Amino acid sequence: RVSSVTRGVGGIAIVFQDLTGALALRRGATSTAFELCESTDASCRLAEAKLASTGVLLTGPNAVKATRVRYCWGDAPVCDLYDDADLPIGPFESLLARR
């Protein structure tokens, strides 16, 4: 479950809670399931995701203007983020916290 989504100097940080162990990608070295969005769905763009033990740092061309984050969204998403118990992180959409 998402604990927080905040904008920082290096990008947009997503912190999860209720994880068992650390996060890991099931397929490949980078996730293709995160999107950074502005106010409309047409503004959503794929984001580069860097894993940390309990979170993810997202970067991309629209990270500065993004108002929300989506993961594993769409008709046939590829959900590739799991914890150490091999439990998947489910699809979500979250607004960025205001500073």
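Start by selecting β1 and β2: these two strands run antiparallel and are joined by 6 bridges. Strands here are DSSP runs of E with at least two residues, numbered from the N terminus, and two strands pair if DSSP finds at least two bridges between them. You are looking at a predicted model, where local features need pLDDT of at least 70, side-chain atom pairs count only at pLDDT 80 or more, and totals for chains, interfaces and linings use all residues. Residues are numbered from 1 along each chain as its sequence is written, and side-chain values use heavy atoms, leaving out hydrogens and water.

Stay with this pair for a moment. Between β1 and β2 lie 2 residues, and the two strands form a hairpin. Click on Val2 and you will find Phe16 of β2 opposite; Val5 has Ile14 in β2 as its bridge partner.

Next, show β7 and β6 as well. The open sheet of 4 strands runs in the order β1-β2-β7-β6, with antiparallel pairing. Its edge strands, β1 (2–8) and β6 (48–51), each pair on one side only.

Now turn to the side chains. Which residues have the most contacts inside the largest nonpolar core? They are Ile12, Phe34, Leu58, Val69 and Leu81, in a core of 22 residues. Such a core is a set of buried Ala, Val, Leu, Ile, Met, Phe, Trp, Tyr and Cys residues joined through side-chain atoms within 4.5 Å; buried means under 20% relative accessible area, with a 1.4 Å probe and protein chains only. β2 gives the most to this core, with 3 residues.

Finish at Leu81, which touches residues including Phe16, Phe34, Tyr71 and Pro88 (heavy atoms within 4.5 Å), not counting residues up to four places away in sequence.

Conventions:
Buried means under 20% relative accessible area, exposed over 50%, partly exposed in between (1.4 Å probe, protein chains only).
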